Amino acid sequence: MTAFSYRHYAGFAEQWLLEERPHPILIGSLGIHPSEERKAIYIVVNSRGECCYVGQTRPRSRWSNAAAARLRQHLAEPSKRAEWASYWVIPLHEDTPNDVLNQLERRICLRLQIPLRHRRSR
Amino acid sequence: MVVQMTPLMRVITITRDNLMSASSAPVSGSVDDVVVIPLDASRDSDDHWILKVPPQNAADRAIARLKALRDEGVVCLGDDAIENLCRAAVEPSEIVTAKLARHRVENGWLYTLSTRVFTPMVNVAYTNDRTLEDATYDADPTSSTNAASTQLALPTSGGTESVLQYSGTEQLLLTAADRNAKLVLTQNGQNVGERIVERPITLVVTRRDGDRTMENGLELTAVDGNSRLSSAFDQLGVLPASIFPARFREAGRHARVQPSTLMGMSALERRKFTRDAAKLLSAEAWAAAANDRQREHRNARVRAMNSMTVPAEIIVGFIDDDRAHGQRRFDSAVRALLMRMNVSVRPFGEGSRNAVVAEEVVSALFDASLITAEGKDILIGRKNVAAAMTSSHLNPTLPDLRAAFVTRQLTHNDRAHNAPIRQKLGKSSLVIADRHGLVTELALRGYTTKLRDATSTNATSRLDQVRNAFRSAPLWQELLTENWDVRNVDTDDAIDALAASAAADGPESNSDALLLGVLGLFAMTTTGYLLAPGGSSEAVAKGKVDRGALGSIVRGMLRHHWGIELLADAVKRSRADLPLRMWDEETEELLEVPVKDKAKFNAFLRRRLWQEDSPEVVETPDGLQKSALDQLCESVASARNSMQVLLDVRKEHGLTERLPYADVAATLQTLSRVRDVLVTVSLPSDDQVAL
């Protein structure tokens with residue numbers, strides 16, 4: 001995952017993209033740099049820069065910095081804690097429809113050859 | 001002091017006489033002997049322990065003590081109830097000194113007294129909360145109305161005493177009690193007889209207000225421990241006619257002890273019966289036995305003797321947190337105590353638990369005047385259903401209308417309606433999931449007979465299968481947020497009109513659409529055509545399917561005209577007992593789905609919804625290319641997974657031989673071709689961006 005490929009994936013969001021953030025954030029610094037978005041796609045990479053997880057945030061209540069919050073939930077799992085090193089965020093507009101979010105997440109997973117999981121259809 | 005002996009240990013009482021006579025101690029024979037288990041250290045002149053029923057006046061001090069406790073406000077029973085209780089005890093002197101125990105229930109404190117009681121002086125419960133989900137109900141229009149299948153109403157609080165009150169005719173009460181005893185005996189028989197009952201059963205004072213032709217409308221009945229008590233009755237065995245009151249002999253009902261037999265005796269007759277039975281059993285349990293048959297008879301008497309008493313925790317009082325309620329919530333308190341005592345072999349099935357809570361919620365809604373008496377009868381579904389439906393202008397022959405009514409009443413989302421649900425579930429805020437179980441249990445009462453009659457080939461009844469399907473969320477959000485109501489759409493034309501109206505405006509918020517949705521939901525699920533999401537749907541439908549819960553499927557259907565038509569058709573066909581129909585993909589007509597192919601209906605419906613609701617492919621060239629690339633990525637990911645499966649199989653079974661060339665040649669070639677072509681249509685790595 002590089003800034004260049006980040007820009008490409010962020011481009012999938014087209015008009016729903018809030019802004020580009022072509023820099024990874026270290027997992028250790030969760031919450032230190034609060035951000036504004038509530039809906040986002042996040043891509044997690046390990047210490048070698050390889051992508052290992054893609055997810056979306058879609059909180060029901062009105063908090064910001066949603067990506068950090070969601071990641072904190074994930075990090076409760078020890079296997080994830082061991083591998084995950086930093087993450088990239090693709091922040092999206094508040095009124096991004098849910099199926100756009102789903103499609104984005106799916107497409108990025110496919111491009112990165114990350115297994116789709118917990119999908120309602122397989 | 002109770003001496004516990006292992007059942008098959010031989011009794012050897014050492015007296016001079018016994019050493020001489022061979023027959024009083026059990027001799028080795030082909031029949032193993034059952035041992036009398038003594039309840040205290042007393043022995044008679046032959047050094048045998050016998051069962052003694054205390055004389056009338058032995059209970060006086062106990063009665064006095066309980067009356068004193070009543071003055072203190074802890075015991076809450078009438079004079080006759082206190083007397084009845086004390087005379088049922090094996091050792092009334094225990095009651096004089098016993099300490100009352102306190103149990104916390106949802107809205108107050110229950111007080112209980114522990115002592116051992118005589119089995120024939122108490123009784124099983126007339127209804128059994130644990131079997132609620134298996135019962136048949138009047139709410140089902142196809143059920144017959146003979147006494148055997150009519151369900152006795154759950155007891156209510158008895159005014160100013162801590163007493164449960166049953167109402168019903170004498171015949172109904174007697175039949176119900178016998179039926180319950182038989183049911184728990186066959187389903188959960190306990191090993192009483194060779195052992196005494198050791199774990200206390202819970203008793204509550206019960207009054208019957210039926211016909212007063214019964215001599216005594218007051219007795220102690222079991223709240224918990226019906227199986228143990230019923231097994232004990234069974235072990236009392238066949239008793240000679242001479243110890244029963246005369247009128248039973250004449251009617252020929254003198255052989256075995258049954259709940260109805262005991263209920264027909266007055267308090268005095270019951271005590272005399274107990275005394276005579278104790279005397280008889282004590283004598284015959286220690287009798288000489290010269291051969292196997294006599295030994296078997298003696299064993300039967302010993303088992304009976306061991307079953308003559310049972311330890312009990314008797315509910316004597318209830319103090320509501322809010323004194324103003326008095327004893328009004330006593331029945332709920334007892335039920336709450338029962339539900340917490342889930343330690344016995346037959347726990348509350350989820351269905352029965354939901355059923356009990358649902359009935360409590362309905363009672364609470366009625367108390368708050370949010371539903372009428374007719375509404376209550378319809379919702380509970382035990383009696384007067386047809387009349388109540390008719391007076392509410394709903395066709396009583398249609399269970400789906402009743403189900404819609406149930407759904408509507410339990411989906412009102414305002415503070416007044418939510419309060420009882422929150423309270424009964426013990427939650428501070430409600431989510432829609434809390435209502436699914438309540439709606440399911442009450443609504444399904446209209447289908448109990450119909451679903452039970454048609455037995456399927458495997459063990460789970462169709463009713464259980466349908467109940468299982470309903471586990472996946474039958475309700476959806478708009479039922480709570482929108483205003484809708486139940487109308488009497490009881491003809492095919494009415495359904496067609498409903499469908500037309502549903503298709504007119506924005507369907508989701510349209511009241512008629514919601515009604516059609518609910519009717520359709522019950523039509524499709526109770527006929528077994530719509531199932532909970534399952535694994536085989538994809539294979540049957542040959543493609544991706546919508547794995548949503550029942551409610552979300554119906555909600556999805558309401559968004560499309562074809563869905564609305566299908567729902568209407570399903571309602572009409574299910575009412576006529578015809579197989580449902582599904583859209584044929586080519587001809588766009590409704591084709592009948594034969595009953596044996598039911599699963600297809602479920603699969604095709606879900607597939608159609610998935611196709612409708614999946615994100616649209618953008619038809620621009622770029623969009624099409626992106627979709628095509630998605631598919632390629634997916635296929636490659638799938639190929640990689642398959643490769644992993646192959647490796648796992650080889651590893652697990654220790655296959656180290658390399659694969660034959662003929663097996664992999666073509667695949668290898670395809671893989672490299674795909675790779676090469678992909679490279680030619682792609683830019684090289686990021687770092688070397690074409691300028």
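Rings of Phe, Tyr and Trp, the last by its six-membered ring, count as a pair if their centres lie within 6.5 Å. The model on screen is predicted.

Start in chain A. Select Tyr42(A), Tyr53(A) and Trp84(A): ring pairs link these residues into a cluster.

Taken over all chains, the pairing rule gives nine aromatic pairs. One of them is formed by Tyr9(A) and Phe12(A), so select these two next. Their ring centres are 6.0 Å apart and their planes stand at 55 degrees, a tilted arrangement. Both Tyr9(A) and Phe12(A) are buried.

Now move to chain B and select Tyr126(B) with Tyr166(B). This aromatic pair is also tilted, with 4.6 Å from centre to centre and 50 degrees between the planes. Where in the chain do Tyr126(B) and Tyr166(B) lie? Tyr126(B) is in the loop between β3 (122-123) and β4 (156-157) of chain B, while Tyr166(B) belongs to strand β5 (residues 164-166) of chain B. The two are 40 residues apart, and the pair thus links distant parts of the chain. Are these tyrosines, Tyr126(B) and Tyr166(B), buried or exposed? Tyr126(B) has a relative accessible area of 2% and is therefore buried, since the cut-off for buried is under 20%. Tyr166(B), at 4%, is buried as well.

Finish at Trp109(B), still in chain B, and show the arginines Arg102(B) and Arg104(B) with it. The charged end of Arg102(B) sits over the ring of Trp109(B), 3.9 Å from the ring's centre. Arg104(B) lies over the face of Trp109(B) too, at 5.3 Å from the ring centre.

Definitions and conventions: Residues numbered from 1 in each chain as written. Chains lettered and ligands numbered in written order. Predicted model: local features only at pLDDT ≥ 70, side-chain atom pairs only at ≥ 80, totals over all residues. Heavy atoms only, no water. Phe/Tyr/Trp six-rings, centres within 6.5 Å; stacked < 30°, edge-to-face > 60°. Buried < 20%, exposed > 50% of the residue type's maximum accessible area, 1.4 Å probe, protein only. Helix = DSSP H or I, 4+ residues; strand = E, 2+ residues; numbered from the N terminus. Lys NZ or Arg CZ within 6 Å of the ring centre and 35° of its normal.
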